[in-house]
Amino acid sequence: MVGSAIVRELSRQGYTNLIVKSHADLDLTRQVEVEEFFRDEKPEYVFLAAAKVGGILGNAVGKADFMYENMEIEMNVIHSAWKNGCRKLEFLGSSCIYPRLAPQPITENCLLTSELEKTNEAYALAKISGLKYCEYLNTQYRTDYISVMPTNLYGPNDNYHLQNSHVLPALIRRFHEAKEKNLPYVECWGDGSALREFLYVDDLAELCVFLMNNYHGNETVNAGTGKELTIKELANLVAGIVGYTGEIRWDASKPNGTPRKLLNVEKAKALGWTYHTELDEGIRLTYRDFLENTERRGL
Ligand SMILES: NC(=O)c1ccc[n+]([C@@H]2O[C@H](COP(=O)([O-])OP(=O)(O)OC[C@H]3O[C@@H](n4cnc5c(N)ncnc54)[C@H](OP(=O)(O)O)[C@@H]3O)[C@@H](O)[C@H]2O)c1
């Protein structure tokens, strides 16, 4: 999702010399293949958007895989980029790197000040390692490698996998299927009270290109809207846009995740970026993409 949005944004801005590799073309956990790629192509600018990504369930049950694969991808790519003279690299992290009970809205400087959320601890530790490795290269070798920490993202090319998707695409799929099958109710995880923020992926892509051109610094940059809503409000909004009129039931025996996660986005704002796409408009665009690509996705 993020990688394709960055490619769309770069193309929109007129960049043409883009090298893109899918997972099938190049497995970034393979150190030798990654080294060969960087040696042959010598990219000047690298956006590292690839990662093993999942929702609350995938993260909670697959901790070992999430840590190992993400650390491998990050270390292979960042190290090979540096060894091959990459001028600038931008690393995509995630807001789950911040402490579970960080003061809200979360500022960039609260990284590593207290305990992480347990359900996504392995993923967060891997992401923190990636951003720290960029920072250490900058201080030891004077590179210009930066990182950006997005809040929850959604948009075209999202992942609608039943076990591994994030909350917003999961709700789109479940309400869509419930509507198609005329189901009387849909059951959702948790009690719906957790507060979350959502950013449309094309807005993030604009920030990523902006930062690549304009930001230098070791401290990461938060990417979000600065607005939040409860998961219950989100579910009602998605159901309305999808057109599902049945009941929404909450299974409070399942985890809510972090109680609240709102990013402070003043730093990105001060640099000159702000989001454009409001949540209802973004969900409409995302649902349209879901409907148009349902067949391609094999859903
Ligand atoms: N989605 C969000 O809400 C969110 C929020 C904050 C931050 N982020 C960050 O944004 C970045 C992109 O996330 P996304 O939402 O765009 O996820 P995505 O759609 O799943 O994209 C990740 C991409 O990485 C690829 N990949 C995974 N393992 C790979 C490997 N070993 N070698 C090569 N490619 C590999 C995946 O390919 P396959 O699908 O074929 O495995 C996929 O194309 C991640 O770093 C994530 O942490 C995402």
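Which helices and strand each supply at least two residues of the shell around the ligand? Here are my notes, bearing in mind that this is a predicted model.

1. Let's take the ligand and that question together. The elements that each give at least two residues to the shell are H1, helix H4 (63-83) and strand S4 (152-154). The ligand has 21 residues around it, and Val2, His23, Leu28, Ala50 and Ala51 are the closest. Sorted by class, the shell holds 11 nonpolar, seven polar and three charged residues.

2. H1 also packs against another helix. H1 (residues 2-12) meets helix H7 (residues 201-214) at an angle of about 65°, and the two axes are 8 Å apart. The crossing of H1 past H7 is right-handed. On the H1 side the contact uses Val2, Ala5, Ile6, Arg8, Glu9 and Leu10, while H7 brings Val201, Asp202, Leu204, Ala205, Glu206, Cys208 and Val209. That contact has nine nonpolar residues, four charged and no polar ones. Note that Val2 turns up in this contact and is also among the closest residues to the ligand.

3. Now for H6. Helix H6 (residues 167-180) has 14 residues, which at 1.5 Å a residue should span 20 Å, and its end C-alpha atoms agree with that at 20 Å apart. Since 11 of the 14 residues are buried, H6 is largely enclosed by the rest of the structure.

4. Asn182 follows H6 and sits in the loop between H6 and strand S5 (185-189). Its phi is near 55°, positive in a residue other than glycine. Asn182 has 9 other C-beta atoms within 10 Å, so it is exposed.

5. Lys42 is another one to check. This residue is not a glycine, yet its phi is positive, about 40°. Lys42 lies in the loop between helix H2 (31-41) and strand S1 (45-48). Lys42 counts as exposed because it has 12 C-beta neighbours inside 10 Å, and the cut-off for exposed is 12 or fewer.

6. There's a cis peptide too. It runs from Gln104 to Pro105, with omega near -15°. Pro105 is placed in the loop between strand S2 (88-92) and helix H5 (121-141).

Terms used. Residues are numbered from 1 along each chain as its sequence is written. This is a predicted model: local features need pLDDT of at least 70, side-chain atom pairs count only at pLDDT 80 or more; totals for chains, interfaces and linings use all residues. Axes are lines fitted to C-alpha atoms, for helices over the stretch in contact, and angles run from 0 to 180 degrees between N-to-C directions. Helices (H or I, at least four residues) and strands (E, at least two) are DSSP runs, numbered from the N terminus. A crossing is left-handed if the near helix is turned anticlockwise from the far one by less than a right angle, and right-handed if clockwise. Two residues are in contact if their C-beta atoms, placed from the backbone, lie within 7 Å. Ala, Val, Leu, Ile, Met, Phe, Trp, Tyr, Cys and Pro count as nonpolar, Asp, Glu, Lys and Arg as charged, and the others, Gly among them, as polar. A residue is near a molecule or strand if its C-beta atom, placed from the backbone, lies within 6 Å of it. The expected span of a helix is 1.5 Å times one less than its number of residues. A residue is buried if 20 or more other C-beta atoms lie within 10 Å of its own, exposed if 12 or fewer, and partly exposed in between; C-beta atoms are placed from the backbone.
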